[in-house]
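Me: Please take one part of this model and go through its packing in detail. Give the cut-offs as you go.

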Amino acid sequence: MSALAPLPVSPSGPKERVAYLDNARYWVMLLVVIGHCLTELVVMDSARGVYTWIYAFHMPFFILISGYTARHYVGDVRQIRRLVSTLVVPYLLVELSLQLITRHYTGEPKQLMVLSPQWIGWFMAALILWRLTTPVWRALRYPITTSIVISLGSGLIDIPNVLAIHKTVAFLPFYVIGLHLTREHFLRLGTMRIRAASIALLGGLFVFCQLVRIPDAQAWLLWKNSYVDLGTTFAEGLLIRAGLIALGLLMTFAALSLVPRRRSWTTSFGERTFYCYLLHGFVIIWLDRHFHLWDQLEPYGVRSVAGLIIAAIVLANLLMTPIVARVFRPVFEPRLTWMFRPIDESPQVKIPV
């Protein structure tokens, strides 16, 4: 793989929101919530097919976009402050809260494990680590190749669940590839020929997932177990992981080609996916632990799956409304002026020596 052109060294100023990216965030967030709502029903064929199709690309999609939007990160004072207020603080709040709620209903975990995310917190932990290492990926000569080697190699060993490092390194290629995409790459995806091929690809794979039961697909698509734990040899594991990386990229670019470019109602909702991601887990855990909703839905088969998909779409849209953002912005995006020293806005004068 040839070396990539160097990225700009200095951080950019405040960036305007791009309608295309916000539209993409909206649609992938629907997939996230639908996938999480179907997790407890994967014992059913009708749920397993949809779940497998979603999990084949929804996190690669989300991570690639996250990498693209972080491509100017160099670790300056403003960026560090934002990282703490919009990633570190929400991670601590959500992870500790979810663990306390789970312990209330099940008694587990007996000890709070702030560095061991149990569910949705893993993505926040991974974003923190990816963001902090962004300057490294900007500096390397062959960052994409290196990230793929690390991802493939991570399956050769058992990695403890510390800040979701197992998933962080497994999904790393999607983040690094996103870092090195340009606006022109996304524009090339918008041709009618590519869009037609994308519809055929995503539609064909959706049908395939409904008709064919892939052994251990759910375990592989979680991207967290070693090849030995997944019951394969190292060689087989490397081939399967490489295939999943290729499939995830192919489906991600296909989905990106279908995302609308113009501003619409999905754009404004896509600006608030942050709150939807952080809050939807609380709703799902409450419905599951308090009402045992998924146990009650299982006997209804495909009707329950269809109903859950509709409910997930409604829930996601509700959590992306302005009122939710207004209520939870002070919680999940605190200013933290008391924590950081004031930024010196005065120009720096260089003194010759």
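**Helix 3 and its surroundings**

Reply: Helix 3 packs on helix 12 (residues 234-258) at an angle of about 70°, the two axes being 9 Å apart (axes are lines fitted to C-alpha atoms over the stretch in contact; angles run from 0 to 180 degrees between N-to-C directions). That angle makes helix 3 roughly perpendicular to helix 12 (65 to 115 degrees). The model is predicted: local features need pLDDT of at least 70 and side-chain atom pairs pLDDT 80 or more, while totals for chains, interfaces and linings use all residues. Numbering starts from 1 along each chain as its sequence is written, and side-chain values use heavy atoms, without hydrogens or water.

On the helix 3 side, the contact (heavy atoms within 4.5 Å) is made by Pro60, Phe61, Leu64 and Ile65. These meet Gly248, Leu249, Thr252, Phe253, Ala255 and Leu256 of helix 12. By class, this contact of helix 3 with helix 12 has 8 nonpolar, 2 polar and no charged residues (Gly counts as polar).

Helix 2 brings both of these helices together in one list of neighbours: its buried residues (under 20% relative accessible area, 1.4 Å probe) pack against helix 3 and helix 12, and also against helix 1 (19-38), helix 10 (192-211), helix 11 (217-220) and helix 16 (302-318). The buried residues of helix 2 are Ala47, Arg48, Gly49, Val50, Tyr51, Thr52, Trp53, Ile54 and Tyr55. Helices here are DSSP runs (H or I) of at least four residues.

How values were computed: Helices (H or I, at least four residues) and strands (E, at least two) are DSSP runs, numbered from the N terminus. Angles under 35 degrees count as roughly parallel, over 145 as roughly antiparallel, 65 to 115 as roughly perpendicular and the rest as oblique. Buried means under 20% relative accessible area, exposed over 50%, partly exposed in between (1.4 Å probe, protein chains only).
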